[in-house]
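Visitor: Please take me through one part of this protein in close detail. I would like to see how it sits among its neighbours.

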Amino acid sequence: MDADALTAGLLQELRVAKPYPALSLTMPTHRRAPDNAQDAVRLRNLVSEAVSRLEADPAVTREARNAIKERLDRAVDEVDLRRALDALVVLVTADEHQIWQLPRAAPERVVLSDTYLTRNLVAAKAQAQPFWALTVSAEHAALWSGTTDALHEEQTGGFPLTAPREAPNPQREERIGDTPSTFSDEETRNFLRTADEKLRAVLATDPRPLYLIGLAPALALLDEVGEGAKSAVGRVTKGVPADTTPAGLLKELRPALDERQQRFTAEIDGRLDEARGRRAFAGGLDEVWAAVREGRAGLVAVEEHFQQTVRVTDEHLEPVSGEAADLTDGSVREDVVDELVEAALDSGTDVVFLADDSLAEYGRIAAALRY
């Protein structure tokens, strides 16, 4: 599954305590050759490590070990590294397995616990900035789920929606002299009103930024007959052919996505400036970590690809180089940025990801504090 499939409900399910052991595997992957040639080897090595951990753990019964190994084998067989993104997460218990391809790097880890390791999923979800796109015409409305990297059509909430076709009525045409304009026809208005109702239901269940794509008359009528479309953050005034591919549609959306990202970045810069003005600002990993732990962070901004291995000493974070990191040391946190992001989101903090180097003067991460 991809990061945009991680709904709040599914995340809650993943965090539910499970019979020990729940196995979580994470590893970085590569999108293109020649780097991706190493992914299959790394996965095999990671699986071997997981099996060794299972066999060496006295708390794991033979029945549980065999069941998990069988599930793990099935999961590995299903992994398609040809569509790899930046990380692979495999979650396994005796009763289930899940495979996640993420657009955010994750460290190589094997974790046995009574819950799944979810922080990499949460961070990837936050970074992906999921959105909805509605393509609309007088006869058809389709809903698309997208991230900065991918787009796919959703079959949910009554979408896709096709207008009922009414047989031609020559007698009516003879009475009025011509066929009515498509966008003044009451049937079209009813169709777009229905599309708006279904759209509002989707947005209520899963709020995301909304983009609209369609000819100007279709978008104007959608605005006129409903409310959901008025919240759109971007519009592409262009017809959508029936054979449009997800990649083609994402290309059409790119200017609107980039424009919103520029506005969004300016808005975050303004919020951080305001926080500095009232001396409610934290900059750098150590300060932001402390603010999140204390529940004082109202907004955390972090660069997209910022990762840091640290050692926790006296409630402070000491950066550790990858070569010097002893991952068996309980004070070492290999993925502390993702751990921080998950903790921030759990406490109701807004977390946003900005372009690399945009927060260089603050140590690549900053926060506006509640107090």
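This is a predicted model: local features need pLDDT of at least 70, side-chain atom pairs count only at pLDDT 80 or more; totals for chains, interfaces and linings use all residues.

Guide: Which residues of helix 2 are buried? They are D39, L43, L46, V47, A50, V51 and L54. These residues span an arc of only 140° around the axis, so they fall on the same side of helix 2. R44 and A56 are exposed on the other side.

Now follow the helix along its length. Helix 2 covers residues 39-56, which makes 18 residues. From first C-alpha to last it reaches 26 Å, close to the 26 Å expected at 1.5 Å a residue.

Four strands form an open sheet, in the order 3-2-1-4, with antiparallel pairing. Its edge strands are strand 3 (97-102) and strand 4, each pairing on one side only. Neighbouring strands of this sheet are turned by 10° against each other on average, ignoring direction. In general, strands of a sheet pair through backbone hydrogen bonds.

Six bridges join strand 1 and strand 2 in the antiparallel sense. P28 stands opposite A87 in strand 2.

Now put the helices back. Helix 2 lies across strand 1, strand 2 and strand 4. It runs at about 155° to strand 1. Helix 3 also packs on the sheet, where it touches strand 1, strand 2 and strand 3. The direction of helix 3 makes about 35° with that of strand 3.

Definitions and conventions. Residues are numbered from 1 along each chain as its sequence is written. Side-chain values use heavy atoms; hydrogens and water are left out. Helices (H or I, at least four residues) and strands (E, at least two) are DSSP runs, numbered from the N terminus. The expected span of a helix is 1.5 Å times one less than its number of residues. Buried means under 20% relative accessible area, exposed over 50%, partly exposed in between (1.4 Å probe, protein chains only). The arc is that of the directions from the helix axis to the C-beta atoms. Two strands pair if DSSP finds at least two bridges between them. Axes are lines fitted to C-alpha atoms, for helices over the stretch in contact, and angles run from 0 to 180 degrees between N-to-C directions. Contact means heavy atoms within 4.5 Å.
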